[in-house]
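Trainee: Could you go through this structure with me? I would like to learn where the terms come from.
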Amino acid sequence: MEMMVDVAVDFEDYFPSMVQRMGAEGFVMELCDGFRLLMDGETGLITFESLKKNSAVLGLSDMRDDEIACMLSEGDMDGDGALSQLEFCILMFRLSPGLMDDNGLNQLVEEYDVI
């Protein structure tokens, strides 16, 4: 009988320090580069297959299929089973508590002068 064991993974949120170092525009460009690295070249989306294939680039080569599917569904806002560049960027922001606090948002807003 196989036993499932939950293993806590320490996650350090590097995004706020990346924004400080690179600036908001540089950080957004870095997210776009990350998207292109993971996307399917034919569809222009991050699909189950492209994420599974490219997960080794992220150091996640041992991810199970259900974990990959869960990652996709977390960010899939339009229900097509894949992530567009916008969905990917929104997901990355949502997963970064440091970007979602007032200081992180203020830095991005000030640099982009959107308000």
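Mentor: Gladly! A salt bridge is a side-chain nitrogen of Lys or Arg within 4 Å of a carboxyl oxygen of Asp or Glu. By this rule the count here is five salt bridges. This is a predicted model, where local features need pLDDT of at least 70 and side-chain atom pairs count only at pLDDT 80 or more, while totals for chains, interfaces and linings use all residues. Residues are numbered from 1 along each chain as its sequence is written, and side-chain values use heavy atoms, leaving out hydrogens and water.

Trainee: What makes Lys 52 and Asp 65 a salt bridge?

Mentor: Their N to O distance is 2.3 Å, and the rule asks for within 4 Å, so the pair qualifies. Lys 52 lies in helix H2 and Asp 65 in helix H3, 13 residues apart. Helices here are DSSP runs (H or I, at least four residues), numbered from the N terminus.

Trainee: Why are H3 and H4 called roughly perpendicular?

Mentor: Their axes (lines fitted to C-alpha atoms over the stretch in contact, with angles from 0 to 180 degrees between N-to-C directions) cross at roughly 95° and come within 8 Å. Angles of 65 to 115 degrees count as roughly perpendicular, and H3 and H4 are therefore described that way.

Trainee: Which residues make the contact?

Mentor: With contact meaning heavy atoms within 4.5 Å, they are Met 71, Glu 74 and Gly 75 of H3 and Glu 87, Leu 91 and Arg 94 of H4.

Terms used: Helix = DSSP H or I, 4+ residues; strand = E, 2+ residues; numbered from the N terminus. Parallel < 35°, antiparallel > 145°, perpendicular 65-115°, else oblique.
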